[in-house]
Amino acid sequence: MTSRQALDLRDYIRDIPDFPKPGIIFKDITPLLADGDAFCATISEMACHVPRETDALVGIESRGFIFGAGLAQQMCIGLVPVRKPGKLPADIHSIEYELEYGVDRLEIHRDALSSGHKVVIVDDLLATGGTVRATVDLVRQLGAEVVACLFVVELLALGGREKIPDVPTYSLITYE
Ligand code: AMP
């Protein structure tokens, strides 16, 4: 068994060039998920950045669900999914946001959050920040407060953090 202190989480994230399209270097977190010690260390480190007053985690589809669920289970905090269009069964609130080409939409159950909720948003990776910006706005439109955004990986060159200057943001691993 590996000592947790000796773990470098970077060793469990691999680059897949030209996926899902040419020119993109995809950060594949599946080796990290497959290693019990690395996954456990990741969740424990993320938990250190969840403010005490947090009463809900919001996971962004789909890899945000994996880390969000691990964190929710460890901290006994509920998890609210933010999903791509057409997946949530009950009454939804939705937001449209701009992609490089075109627009996309994210949805949340209207009754999932309300004013007074203090929320941490969780995703695997911060790139341009468009997805998390839309999620922050979605959560706020339901009246809840976003107390932090939490990522495993951040691609610094894409400047995603600048899209959410109004929210404390933490990432475990950064790449230039
Ligand atoms: P963005 O809105 O540009 O910050 O993109 C964030 C979302 O896209 C996250 O949910 C990531 O899972 C995914 N994503 C964007 N770029 C990458 C990448 N290079 N490798 C892996 N996932 C990515």
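**View 1. The largest pocket of this predicted model has a volume of about 1,400 Å³.** Residues are numbered from 1 along each chain as its sequence is written. In this predicted model, local features need pLDDT of at least 70 and side-chain atom pairs count only at pLDDT 80 or more, while totals for chains, interfaces and linings use all residues. A pocket is an open set of points on a 1 Å grid over the protein atoms alone where a 1.4 Å probe fits, with protein on both sides within 12 Å along at least five of seven lines, and its lining residues have an atom within 4 Å of a point. Of the 38 lining residues, those closest to the centre of the largest pocket are Ile-24, Leu-125, Ala-127, Thr-128 and Thr-131. Strand S7 contributes the largest share of this lining, 4 residues.

**View 2. The ligand sits in the largest pocket, that is, more than half of its atoms lie within 2 Å of the grid points of the pocket.** The ligand is surrounded by 13 residues, the closest being Arg-63, Asp-123, Asp-124, Thr-128 and Thr-131, where a residue is near if one of its heavy atoms lies within 4 Å. Strand S2 (25–28), strand S7 (118–126) and helix H4 (130–141) each supply at least two residues of this shell.

View 3. An oxygen atom of the ligand lies 2.5 Å from a polar side-chain atom of Thr-131, and a polar side-chain atom of Arg-63 is 2.7 Å from an oxygen atom of the ligand. A polar backbone atom of Ile-25 lies 3.0 Å from a nitrogen atom of the ligand.

Key
Heavy atoms only, no water. Polar contact = N/O pair within 3.5 Å; in protein donor to acceptor, adjacent residues only side chain to side chain. Points joined across faces, edges and corners; volume = space filled by probe spheres on them.
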